[in-house]
Each structure stands twice: as C-alpha cells, then as structure tokens.
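Here is a friendly briefing to read alongside the sequence and the 3D view. Keep both open as you go through the points.

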Amino acid sequence: MREARRIVVKVGSSSLTTAAGGLDADRVDALVDVLAKVRGQGEREIVLVSSGAIAAGLAPLGLRRRPRDLARQQAAASVGQGLLVARYTASFARYGVRVGQVLLTSDDMSRRAHHRNASRTLDKLLAMGAFPIVNENDTVATDEIRFGDNDRLAALVAHLVRADLLVLLSDVDGVYDGDPSRPGTTRIAEVTGPQDLAHVEIGSTGKAGVGTGGMVTKIDAAGIATGAGVPVVLTSAIHAADALAGHDTGTYFRPTGKRSADRLLWLQHASTPQGALILDDGAVRAVVERRTSLLPAGISAVEGDFSAGDPVELRDTGGHAVARGLVNFDAKEIPRLIGHSTRELARELGPAYEREVVHRDDLVILHPQKS
C-alpha cells in the first residue's frame with residue numbers, strides 16, 4: 001500500500017454530512033487535510049469518488065430524510081451537487097489545489113466512447129495538477145442506469161484510471177465477524193477471497209441513514225476491484241491517514257484476479273442487458289466450460305428488443321444467466337438464424353452471416369460451472 005502511486009479514495013455520505021442532511025464543513029475539511037497532505041508528499045496521485053450530493057441537498061429543500069422517489073432524489077442532487085463541489089473547492093483552495101468535477105452514470109462506463117472520454121479527462125486533470133472529484137450524475141440517472149451506490153462506481157473508476165489501490169471510507173472501521181456495536185466481535189484484518197467472509201453476516205445500511213450503501217455494497221465493490229487486480233482497504237473516514245500511510249487499519253482485501261480488458265469489466269459490472277438469448281445444453285457447455293464463441297446453432301430462443309452491439313444475457317434452458325456478451329445481430333434477425341450453422345447461413349443469406357452471434361472476446365462468464 002505504501003508503494004501505491006495512483007489511488008482512488010471513496011467517501012460515503014455519512015462521513016461528510018449530518019443525519020439530518022447538509023454538509024458538515026469540519027468533516028469535509030478533515031478529509032481534505034489528509035488527501036492534500038498525501039498528495040503533496042511526492043509522486044502520489046489521488047482521485048476522490050465522493051457521495052453526498054443528495055444528502056447535502058436535503059436540508060436546503062426542507063427534506064427531513066432521504067426521499068425514496070427518484071424525482072425528489074434528483075432534485076436534492078441538483079441542489080446538493082453544487083454545494084458539495086463548492087465545499088471541496090473552498091477546502092482544497094487552502095492548499096492551492098484546484099478541483100475538477102467529473103459526473104458519471106453507468107451508461108458512461110458501458111459505452112466505450114464515453115468510457116474513453118472519461119478516462120482521458122481524468123488522466124488530463126491529474127497531469128495538469130488538478131484534483132479530480134467523481135460522483136454519480138444523480139440529476140439525470142434513472143432507475144435503469146444508476147450505479148445504485150458510489151462504492152461500485154469507485155471500483156469501476158479504480159479500473160478506469162489504472163489505480164494501484166482503492167480505499168473505501170465509511171462510518172465503520174472495517175469488516176467485523178458480527179455486529180460491531182456488540183461486545184466480542186472482532187475486526188477482520190485481511191480478506192484473501194470470498195471464502196474468508198462466508199461465515200460473516202453483512203449489514204445493509206450505514207448507521208447515519210443518509211446514503212444508499214452499507215457493508216454489502218462495499219464488499220461487492222471490493223470484489224469487483226480485487227477481481228480486476230486492484231487491492232482494497234476498507235476503513236472509517238477518521239482513519240483515512242493511516243490507510244493511505246499503509247498502517248494496519250480497517251480490512252485489507254488482497255487482489256484475487258488480474259487486470260482484464262476494459263470492455264469485459266464494463267460488460268460484467270456496468271452494463272444493462274437489453275435482452276437475452278436462450279442456449280441449449282450443448283451451447284451452455286461450450287460457452288461456459290470451453291470458453292467458445294456463441295454460434296447460432298446453439299440458440300433455442302431470443303427475448304427482448306436489442307440492436308447489434310448491445311449487451312445481452314446468455315441463459316440456460318432453466319432461465320439462469322450463465323454469461324453476458326455483446327451481440328453481433330439485431331434481435332429481429334436472430335430467429336431465422338436459430339439452429340443453423342454459420343456455413344449454411346453464409347450460403348443462404350450471404351457472407352455477412354458467417355460469424356458468431358457473440359464472439360468469445362466480447363463475452364464474460366457469470367456463473368462458471370464444473371465439468
């Protein structure tokens with residue numbers, strides 16, 4: 001952790017605001033003090049993923065708690081996002097640091113052109129000495145394209161900027177083997193894989209009640225990041241300095257996988273399937289076990305209305321999603337391809353049809369099966 005040069009730090013709403021809503025200037029300043037100090041020590045670059053826009057907009061709009069309906073959440077975000085970035089701008093100005101705001105939706109992460117633009121913007125902000133602050137664009141996000149929580153957004157951003165470390169800051173100082181408010185529970189110092197948490201009951205919401213996340217979303221985010229080769233530290237905001245200094249604090253998640261192609265990470269964690277292809281048993285075995293491309297001969301049915309290039313689920317005959325991929329044909333084209341070999345289709349329909357329905361390079365396995 002001490003050797004990490006590019007770090008993504010995510011801070012939750014509960015660490016920046018009061019339970020009643022509204023920003024806590026002292027908490028923001030305390031976090032900025034830590035980040036500015038680490039940044040000023042040398043070659044370390046930091047990208048901050050900050051929640052808090054909706055929570056910051058509650059009190060100014062006279063809302064006593066976070067609304068459940070999307071329209072009022074978007075209204076609160078519209079008011080709160082300006083307050084949030086203004087507070088960060090003023091706080092970083094004490095150190096002569098400029099702030100750059102980057103608002104994203106999951107659509108930006110799954111569309112390759114948007115993804116490249118976001119990557120270039122963040123790289124350029126860092127190169128020019130600005131401090132990037134990322135948040136979900138709550139004012140335009142919909143139920144279908146929302147990340148659900150900035151923890152998952154932070155994991156995807158860590159991959160986007162090729163980070164060496166992801167630090168998740170919350171109001172809890174790590175993962176415990178039980179309810180941390182009860183005597184006798186123990187902090188889990190290190191997680192090497194999902195098996196280390198199999199016996200742990202994970203809580204759902206933060207105790208401050210102003211965010212959408214909880215320990216579940218943080219562990220899910222840690223799984224996304226570590227699966228893509230990025231180590232993770234999960235701790236409380238008050239221990240941010242210790243986490244960034246590499247001290248023993250919170251819970252450390254070791255990487256479990258290697259960095260994958262960008263499009264595969266988007267496909268698995270940021271894309272919204274636009275339809276589904278039902279595979280026969282032979283095609284399921286070929287795709288899942290042998291990692292082959294999906295050919296039209298292995299498809300038994302098609303669901304949804306999608307276009308070539310859209311993400312779709314690949315399901316077995318029981319309706320279980322076994323993979324996700326980028327489809328090469330429109331939904332309306334596929335019924336006449338079902339059950340035919342690519343050679344037959346090329347002879348009957350032309351050479352454009354002598355190709356895979358989903359190429360193996362554009363496919364991720366969701367639930368690997370044993371041979």
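R291 is partly exposed, because its relative accessible area is 43%. Keep in mind that you are looking at a predicted model.

**Positive phi in loops**

- You will find R291 in the loop between α10 and β12 (residues 299-304).
- R291 is not a glycine, yet its phi is positive, at about 60°.
- R162 is not a glycine either, and its phi is also positive at about 60°.
- Look for R162 in the loop that lies between α6 (150-160) and β5 (165-170).
- Is R162 buried or partly exposed? R162 counts as partly exposed because its relative accessibility is 45%.

**Helix α10**

- Helix α10 spans residues 281-288, and its buried residues are A283, V284, A286, V287 and V288.
- Among the elements covering these buried residues are the strands β11 (275-279), β13 (311-315), β14 (321-326) and β15 (363-365).

- D29 sits in helix α1, which covers residues 25-39.
- D29 counts as buried because its relative accessibility is 17%, and the cut-off for buried is under 20%.
- Which residues does D29 touch, leaving aside those up to four places away in sequence? They are R87, S91 and R94.
- The side chains of D29 and R87 make a polar contact of 3.0 Å.
- Another polar contact, of 2.7 Å, links the side chain of D29 with that of S91.

**The open sheet**

- An open sheet is built from 8 strands with mixed pairing, and their order is β3-β4-β2-β1-β5-β9-β10-β8.
- The edges are β3 (99-104) and β8 (190-191); each has a single partner strand, so one side of each has no neighbour in the sheet.
- Strands β3 and β4 (residues 131-136) run parallel and are joined by 6 bridges.
- Within this pair, Q101 stands opposite I133 of β4.
- Helix α3 (residues 70-93) packs on the sheet, where it touches β1 (6-11), β2 (45-50), β3 and β4.
- The direction of α3 makes about 155° with that of β3.

Definitions and conventions
Residues numbered from 1 in each chain as written. Predicted model: local features only at pLDDT ≥ 70, side-chain atom pairs only at ≥ 80, totals over all residues. Heavy atoms only, no water. Helix = DSSP H or I, 4+ residues; strand = E, 2+ residues; numbered from the N terminus. Buried < 20%, exposed > 50% of the residue type's maximum accessible area, 1.4 Å probe, protein only. Polar contact = N/O pair within 3.5 Å; in protein donor to acceptor, adjacent residues only side chain to side chain. Contact = heavy atoms within 4.5 Å. Pairing = 2+ DSSP bridges. Axes fitted to C-alpha atoms, helices over the stretch in contact; angles between N-to-C directions.
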